[in-house]
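Hello,

Here is the structure I promised to pass on. Please have a look when you have a moment.

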Amino acid sequence: MTEVEETPLPGVGVRHDFSTKSGSRVGVVSHRTGCRELMLYSEDDPDACETTLRLEEEDVRVLADLLGAAHVTESLAKHIQHEIEGLAMSWLRVSPDSPCAGATLAEIGLRTHTGISVVAVIRDGATTPSPGAEFVLAGEDTAVVVGTTEGIRRATELFQPPLDR
């Protein structure tokens, strides 16, 4: 697994650095303002920055999507799950035939029935962070949820179409 170095930058934000499999050194400075700087270090001197590209928040979202942010986020969730005992995070697809499709989060009552919280919803490549109780789920949405493993299992069942009996 690639090791990522984290360096706090007081008054600025934080810098993360890593080496690619091919040996290139890459860094990202995350500013408190929300912008990011993508840095490529010199092959001759790994401490010398060769190129810097400033990215605004919208640029970061586009680049993250192109680089497969969902995969990175899933990897982070696995790390978090190991760090905090009893807490799980998952991505649940809402089936178009699910009774949840077309219902608000309040109507579904996920927290009441399963104990989980929806922390974001991904729809057509766009993310809605911290959706409110009035948020309406649609078929093909992906809900990012946090809770117990059992709660996530119950929510997964809710998001699927009812079984024919």
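Below are some notes on the sheet, a helix, a pocket and the cysteines.

This is a predicted model, with local features needing pLDDT of at least 70 and side-chain atom pairs counting only at pLDDT 80 or more, while totals for chains, interfaces and linings use all residues. Residues are numbered from 1 along each chain as its sequence is written, and side-chain values use heavy atoms, with hydrogens and water left out.

Strand 2 (residues 13–19) and strand 3 (residues 25–31) share seven bridges, and serine 19 sits opposite arginine 25 of strand 3.

Next, the pocket. Which element gives the most to the lining of the second largest pocket? Helix 4 does, with three residues. Helices here are DSSP H or I runs of at least four residues. A pocket is an open set of points on a 1 Å grid over the protein atoms alone, where a 1.4 Å probe fits, with protein on both sides within 12 Å along at least five of seven lines; lining residues have an atom within 4 Å of a point. Among the lining residues are Leu110, Arg111 and Pro131.

Finally, the cysteines. There are zero disulfides (cysteine sulfur pairs within 2.5 Å) in the structure. Cysteine 100 counts as buried because its relative accessibility is 4%, whereas cysteine 49, at 37%, is partly exposed. Buried means under 20% relative accessible area, exposed over 50%, and partly exposed in between, with a 1.4 Å probe and protein chains only.

Best wishes

Notes. Pairing = 2+ DSSP bridges. Helix = DSSP H or I, 4+ residues; strand = E, 2+ residues; numbered from the N terminus.
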